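Hi everyone, thanks for coming. Have a look at the screen while I get set up, and then we'll walk through it together.

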Amino acid sequence: MMSPQRAVSYLELLAADAVQVAVDEPLSRHNSWQIGGPADLLVEPENSNQVVAVMRFVQEHHLPLVVIGQGTNLLFDDAGVRGVVMKIGSRMDSIDIVGTRIVAGGGAWVPQLARLAMRSGLSGLEHCIGIPGTLGGLVMMNGGSHRHGIGEHVVRVTIVDQDATIHQLSAAECRFDYRYSALQERGAVVVEVELECPVGHLADIRREMLLDLRERRRKFPRKLPNCGSVFLSTSAMHASVGPPGKIIEEAGLKGLRCGGAEVSRQHANFIVNRGGATSVDVLQLISRIRFEVRKKLDFDLRCEVRYVSPSGEIGPADQVADRMFPAG
Ligand SMILES: Cc1cc2nc3c(=O)[nH]c(=O)nc-3n(C[C@H](O)[C@H](O)[C@H](O)COP(=O)(O)OP(=O)(O)OC[C@H]3O[C@@H](n4cnc5c(N)ncnc54)[C@H](O)[C@@H]3O)c2cc1C
């Protein structure tokens with residue numbers, strides 16, 4: 001494999017108008033848990049053409065590629081990533097609203113998007129106001145809250161596929177389901193999203209957003225680094241055993257600690273970094289929680305949080321936790 005230095009010059013050559021590149025960039029700076037070793041290369045494109053150039057580059061050189069937004073749903077390994085991490089963030093965060101249509105870049109900041117929709121009198125994104133990620137990440141995860149997902153409002157998603165070609169997908173082709181989109185299997189980069197939102201009453205939209213933010217402030221840990229809800233919370237699960245936070249709390253696991261990682265004392269579906277937590281600490285804690293909940297309730301908690309391996313594979317963190325700590 002070529003040296004990162006050579007890779008940098010090649011990338012700069014390819015994407016003549018300066019894809020932002022960093023070598024040996026600590027991934028702990030690019031996720032909300034503040035965990036993870038260095039990426040060989042971290043690139044931040046500012047348009048679709050640069051994304052295409054990076055995709056061609058990684059294909060030609062058979063390099064692992066990981067696409068990220070704000071890293072608010074990701075656990076990076078302490079060894080980092082031996083390949084290219086492409087961040088779709090503030091350099092691709094345009095938001096245009098015409099009538100009831102919103103066209104935004106994959107790097108658009110979700111709370112800002114929700115706020116601008118509100119100011120234009122558009123409803124439907126109230127549930128997104130407190131989600132601290134990018135639109136690309138939200139679409140990929142079909143994220144949302146209060147039983148909603150962003151997929152409900154998606155009309156079209158523009159992606160750059162692994163073979164460096166640009167495609168437009170309809171909402172049906174994205175096959176949105178609970179915290180799932182077919183994009184997760186495709187390995188494509190979300191560069192732009194078109195949303196359709198109905199006209200609503202500004203005062204009602206604002207009230208709902210304020211309520212959501214107030215509830216989050218009250219319930220979620222805010223001072224210590226975390227990655228939001230660690231475990232998936234489905235409606236089937238609510239009906240049978242209840243939400244993950246309640247189950248974990250009832251299992252007496254609030255405050256349980258592995259190294260620097262701790263089950264939040266404020267909300268048991270959060271794992272907080274109390275300082276110096278490693279990916280192994282978090283994975284071990286996930287495994288301990290799953291083990292205890294299985295023992296007490298015969299229920300298998302699944303992770304919403306995704307783990308990124310040093311070779312660039314991304315998948316639900318529980319799968320890796322089980323492999324690493326089979327006995328909990
Ligand atoms: C305090 C807190 C509260 C949260 N509350 C919620 C909530 O209420 N509801 C909810 O659903 N989530 C919540 N989350 C989780 C997280 O914010 C969402 O999943 C968010 O949508 C992830 O966006 P991101 O930009 O951080 O994506 P990342 O974490 O960077 O990535 C998530 C996944 O999307 C992929 N991805 C990211 N951007 C792109 C792109 N442009 N193209 C292709 N793939 C991409 C990554 O490869 C990865 O698989 C919360 C997190 C925190 C820290």
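So, what covers the buried residues of α7? Part of that cover is α3, residues 110–119. By cover I mean contact, that is, heavy atoms within 4.5 Å. Buried is under 20% relative accessible area, exposed is over 50%, and partly exposed is in between, with a 1.4 Å probe and protein chains only.

Quick housekeeping: this is a predicted model, where local features need pLDDT of at least 70, side-chain atom pairs count only at pLDDT 80 or more, and totals for chains, interfaces and linings use all residues. Residues are numbered from 1 along each chain as its sequence is written, and side-chain values use heavy atoms, leaving out hydrogens and water. The element names come from DSSP runs numbered from the N terminus: helices are H or I with at least four residues, strands are E with at least two.

Back to α7. This helix runs over residues 202–219, so to speak 18 residues, and its buried ones are Ile-205, Met-209, Asp-212 and Arg-216. They sit on the same side of α7 because they cover an arc of only 60° around the axis, taking the directions from the helix axis to the C-beta atoms. Here's the general idea: an α-helix has 3.6 residues a turn, so residues three or four places apart point the same way.

Keep Arg-216 in mind, and let's go to the ligand. There are 33 residues around it, and Arg-216 is one of those that come nearest, along with Val-67, Thr-72, Thr-134 and Gly-144. To be counted, a residue needs a heavy atom within 4 Å.

Now the polar contacts, meaning pairs of N or O atoms within 3.5 Å. Thr-134 has a polar side-chain atom 2.7 Å from a ligand oxygen. Gly-137 uses a polar backbone atom, 3.4 Å from a ligand nitrogen. For Leu-138, a backbone N or O atom lies 3.3 Å from an oxygen of the ligand. And how much of the ligand's 970 Å² of accessible area does the protein cover? The protein covers 94%, using the Shrake-Rupley method with a 1.4 Å probe.

Which elements give two or more residues to that shell? β3 (65–68), α4 (135–141) and β10 (189–196). Of the elements, α4 gives the most, with 5 residues.

That's my tour, happy to take questions!

Note on methods
Expected span 1.5 Å × (residues − 1). Polar contact = N/O pair within 3.5 Å; in protein donor to acceptor, adjacent residues only side chain to side chain.
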